[in-house]
Amino acid sequence: MVKVNPHFKRTEREIIFPVIEKKIEGKNNLVNLGIGDVALPLTHSIADAICQATQEMTKRPIGYGPSAGYSFLRDALAQKHHICADEIFISDGINSDLAGIQELFDISCSIAVVDPGYPVFADTNLIAGRNVTYLPCVASNNFIPQPPNAHVDLIYLCSPGNPTGVAMSRSNLEMWVNYALQENALIVFDAAYASFITSENVPKSIYEIPGARNVAIEMHSFSKSHGFTGLRCAYTIIPEETGLIPLWNKRQNTKYNGCPYPIQKGALAALACPDAPKQVQSYLACAQALKNGLDGTIHGGIDSPYLWWQVPDGTTSWQFFDHLLEQHGIVSIPGSGFGKSGEGFVRLSAFTTMAQVKTCLERLNVYAH
Ligand code: PLP
């Protein structure tokens, strides 16, 4: 057999989703607050734009598009972010961009990722053969990652965070931009949940911080903000100042043939869609109701669709997960699945409906009638 990449072995931590699937198999009438997927249907104006674009393809051939995305979408996004369209790269998801971005950097680069965090940050680098430093996001630092004492080259931050649901304030982000400027480091800023931010002192983009354009790449997605998890469209901002545009162009031209035309038309319609903010508001209302209604210590859920629920003393994440499932028919995600520092918590997703939230709270006997 051909020798395989040995580094895949390094990602062999607990893979939670198959375990959860098995545990809920055959159980009916569950309130599923586990997976962070959309719970509301696609907005009509987006679906119409996708259908129209597909119909257009029956009238004239529309084949391969530019790997960086069509200018109609790049221009609209450039306008939204007040930047140059050349700095915007459309893709089929943040996941793909996270997988690719590390390829721009030398194998010797040191990497830091938030812990608990979105597993792709660490895993893409581990698979590439790099070592990873973990930045604990725990109660003692209010779940805000702190710059390490030593130098790191590449830092993966996510705000509002998944799974903690905690968003970084302006001063938190200033701390990181200053670190990156001092250390000649680069921040990969995952803004997948930026549209859930409502607090005033929480920036929706790292570029609100002076100097950030020199040291940060930022990733956005239509997945959670506009219900695109099944359609696939996202974009990465690579500021001119980073000097990385030619490399990313080269990488994308080599490995990616572009997000489908109808989907990009759908994304364009999404930018103008008045219902999208309503869907986000609806998820945020579910988060708020859960946060108000649940007993115990709950973090997040303000600028985020995720709640980070501290498990009772003497219990592990998995034990509390089992308790919620077996005693109440509620599906959560054990925090330990997101990294070592996630032990002692479960994540609840507010990508649900108010009816499900009410059922959840009734089952836990905490819903006030
Ligand atoms: N980043 C974070 C923090 C996420 O939670 C997710 C999906 O859950 C993604 C990225 C993936 O986004 P996309 O659907 O654009 O690939």
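**Close-up views of a predicted model**

Asn365 is exposed, with a relative accessible area of 68%. The figures below show selected sites of this structure, which is a predicted model.

**Figure 1. Asn365, in the segment after helix 13 (354–363).** With a relative accessible area of 68%, Asn365 is over the 50% cut-off and therefore counts as exposed. Asn365 and Ala270 are 95 residues apart along the chain, and their C-alpha atoms are separated by 39 Å.

**Figure 2. The ligand in the largest pocket.** Two elements, helix 4 (94–101) and helix 8 (223–226), each give two or more residues to the shell around the ligand. Sorted by class, this shell has five nonpolar, five polar and three charged residues. Of the 13 residues around the ligand, those that come nearest are Asp190, Tyr193, Ser221, Ser223 and Arg232.

Figure 3. Asn95 takes part through its backbone: one of its N or O atoms lies 3.0 Å from an oxygen atom of the ligand. Taken alone, the ligand exposes 400 Å², of which the protein buries 92%.

**Figure 4. Glu87, in the loop between helix 3 (71–81) and strand 2 (88–91).** The relative accessible area of Glu87 is 3%, under the 20% cut-off, so this residue counts as buried. The side chain of Glu87 reaches the backbone nitrogen of Glu240 at 2.8 Å.

**Figure 5. Two cis peptide bonds, from Asp115 to Pro116 and from Asn162 to Pro163.** Most peptide bonds are trans. The bond from Asp115 to Pro116 is cis, with omega near 5 degrees; Pro116 is located in the loop between strand 3 (111–115) and helix 5 (119–128). The bond from Asn162 to Pro163 is also cis, with omega near 15 degrees, and Pro163 lies in the loop between strand 5 (154–158) and helix 6 (170–183).

**Figure 6. Positive phi values at His82 and Asn184.** Most residues other than glycine have a negative phi. His82, which is not a glycine, has a positive phi of about 55 degrees. This residue is in the loop between helix 3 and strand 2, and at 73% relative accessibility His82 counts as exposed. Asn184 has a positive phi near 55 degrees and lies in the loop between helix 6 and strand 6 (186–190). With a relative accessible area of 71%, Asn184 is exposed.

Methods: Residues are numbered from 1 along each chain as its sequence is written. This is a predicted model: local features need pLDDT of at least 70, side-chain atom pairs count only at pLDDT 80 or more; totals for chains, interfaces and linings use all residues. Side-chain values use heavy atoms; hydrogens and water are left out. A residue is near a molecule or strand if one of its heavy atoms lies within 4 Å of it. A polar contact is a pair of N or O atoms within 3.5 Å; within protein, one must be able to donate a hydrogen and the other to accept it, and residues adjacent in sequence count only if both atoms are side-chain atoms. Accessible areas come from the Shrake-Rupley method with a 1.4 Å probe; for residues, only the protein chains shown count as cover. On a 1 Å grid over the protein atoms alone, a cavity is a set of points where a 1.4 Å probe fits but cannot get out, and a pocket is an open set with protein on both sides within 12 Å along at least five of seven lines; lining residues have an atom within 4 Å of a point. A molecule sits in a cavity or pocket if more than half of its atoms lie within 2 Å of its grid points. Helices (H or I, at least four residues) and strands (E, at least two) are DSSP runs, numbered from the N terminus. Ala, Val, Leu, Ile, Met, Phe, Trp, Tyr, Cys and Pro count as nonpolar, Asp, Glu, Lys and Arg as charged, and the others, Gly among them, as polar. Buried means under 20% relative accessible area, exposed over 50%, partly exposed in between (1.4 Å probe, protein chains only).
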